[in-house]
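Colleague: I have not seen this structure before. Could you take me through it by question and answer?

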Amino acid sequence: MNEKETQVELVFSKQPKFMQAITDSLLMIKRSSTHIIRNTDQLLGTFFQPIMFLVLFTAVFNAVGLALPKDISYLDFLMAGIIVQTVAFGSTTTSIAVANDLQRGIVDRFKSLPMSNVAVLNGHVISDVFRNGISTTVMLLTGLLFGFRPDASFSDWMLIIGILVLFTLAFSWLSAIMGVLAKSVEGVQWMSFLIVFPLTFASGAFAPTESLAEWIRPFAENQPITHVIEAVRGLMIGTPIDDHGWLAIVWSLGILVVSIPVATWLFKKKTIKV
Amino acid sequence: MAKSYAITVKNLKKSYGKNQVLNGINLAVERGTMLALLGPNGAGKTTTVRIMSTLLGYDAGTVSIEGHDVATSPDDVRSIIGLTGQSAAVDEILTGRENLIMMGRLYRLTKESAKARANELLEQFDLVDAADRSVKTYSGGMRRRLDLAVSLIATPPVIFLDEPTTGLDPRSRIAMWDIINRLKESGKTILLTTQYLEEADQLADNIVVIDGGKVIAEGTAKELKSKVGKDRLELTFASAATYKNALDSIGKQIFDSNEEEKTITLVISDTNKDVSDVLNRLTKAKVKIESMDIHKPTLDDVFLSLTGKAKKGKK
């Protein structure tokens, strides 16, 4: 270090600003994904939670199947609901990751770097999509093993993937807001639970909405998760989709349009001036 | 003579609600020198550094780093500074090498440059063996070294070190000092905060003492010491009996005495006269001196007389 600080020829990339922002996001996606892969406990959860849910729910709620049309087994009915539920819960890990970053010294580093701050959020959100992809795949494979028989065509599957990715993005960005607002990591876990649990259960995930208690039905029939579930279910096993398809997409896009700027603004506010 | 300053802070003020944390801080760091910001806990050191490194807003004043104003061009400031904070700002789950490469790329280095620079820094900071281990497994000293290495990736000319050795064991502290001295030799402008007087004395060219959000003294270590005043004459005696006799014969001039160590300290203004005077008295009283020592006041003395607070813990 004495005479010349570095022997390395430091070459700086001369990308335009928006390309730099993309590079920053890619680096942050790599970081968050590495976190997911190295966090073995969480990874085990990613693999085994879907299997456990599937086995438990089919066993516990078997009686619901009696109320379904004859040609639909409860497992066939349940798949869409349980996939969307897993994805919804999976998305909340974004809030934990964001809260974690904000509570550690690393956030000072990111702030003092000439980087795009939003890249940190992008990294967590996108890596969440990857993890949800793994969970969903495990769940589908387990379902097939247990006798799930979808009749979706290739283009149906593409649509299903599209809707699920959009929904994951929407919920992850929502969860990023909670992560920024949280005062502690434990706090954010509770917040997520209190929001996602009622949303996923007061829906058409585990039983047709018509069979739910009167007072909860209006909510269950009109909330975004039900639309996503009914859209995915219709594409998978051919139940009527009605308005659920476009409503699922509109809801997800709507949440994205609001939550991306809000999360970004809150994150910037929290990280730049105190 | 015109001096070129890398860091200038003028009348900096910051409050949290009613709590005025900084009350008009002024300081300037000449390019290529090291300034120590010295003060007790809660004096406003970290707040000042966080403002200078664009992490925190402020209420009034101006802060300029190499001509860039932190308020109006924070991105320019960020690209020429390196910051090492009190808690290591590195990713715990990634390895040391992954941290360096990632941060290097966030500093806009190309992939190849970032990799080569990471290797070099791992070597310079004695982290080669731990390079591919998760940071979780690092000791406190290793984390600080990695953190500092990360700050240096893009060879920034200005470095902020916020209490770089707080919480480190003595060995790691010495290693850190060594690294900081090498940084200084490489021509960087460094602002260091510390609550250790010894550290400021050892490392810095200039010292600014702050307390309660205000600068209460500044200068070189030597200047600060002379501000507090005169030299001390310390006499040590072999036995308790001679110590007692000496106490009696010297009388009222005594500044401090320690019965356990059998030492007597006097403040002297005219070295020749005062010392010979004391020696004459002791010789007349036939008191034998074991050893004597004249020394300048320590920074501890400076701090005590400036802030009116005793520094906790003596070395």
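Colleague: How far apart do the C-alpha centres of domain 1 and domain 2 of chain B lie?
Modeller: This is a predicted model. The domain assignment of chain B gives residues 5-226 to domain 1 and residues 230-296 to domain 2. Between the C-alpha centres of these two domains of chain B the distance is 44 Å.

Colleague: Which are the edge strands of the open sheet in chain B?
Modeller: The open sheet has four strands with antiparallel pairing, in the order β12-β13-β11-β14 of chain B. From one strand to the next, the twist averages 20°. An edge strand pairs on one side only, and in chain B that holds for β12 (254-258) and β14 (291-295).

Colleague: At about what angle to β13(B) does helix α10 of chain B run?
Modeller: Two helices of chain B can be described against this strand. Helix α9 (residues 240-250) of chain B lies across β11, β12 and β13 of chain B, at about 25° to β13(B). Helix α10 (residues 271-284) of chain B lies across β11 and β13 of chain B, and its angle to β13(B) is about 145°.

Colleague: Which element gives the largest share of the side of chain A that touches chain B?
Modeller: In this contact, 28 residues of chain A meet 36 residues of chain B. On the chain A side, the elements giving two or more residues are α1 (17-38) and α5 (106-112) of chain A. The largest share is seven residues, and the element that gives them is α1(A).

Colleague: How many charged residues has the side of chain A that touches chain B?
Modeller: The side in question belongs to the 28 residues of chain A in contact with chain B. By class, eleven are nonpolar and nine are polar. The number of charged residues is eight.

Terms used: Residues numbered from 1 in each chain as written. Chains lettered and ligands numbered in written order. Predicted model: local features only at pLDDT ≥ 70, side-chain atom pairs only at ≥ 80, totals over all residues. Pairing = 2+ DSSP bridges. Axes fitted to C-alpha atoms, helices over the stretch in contact; angles between N-to-C directions. Contact = placed C-beta atoms within 7 Å. Domains from an automatic or database assignment. Nonpolar A, V, L, I, M, F, W, Y, C, P; charged D, E, K, R; others polar.
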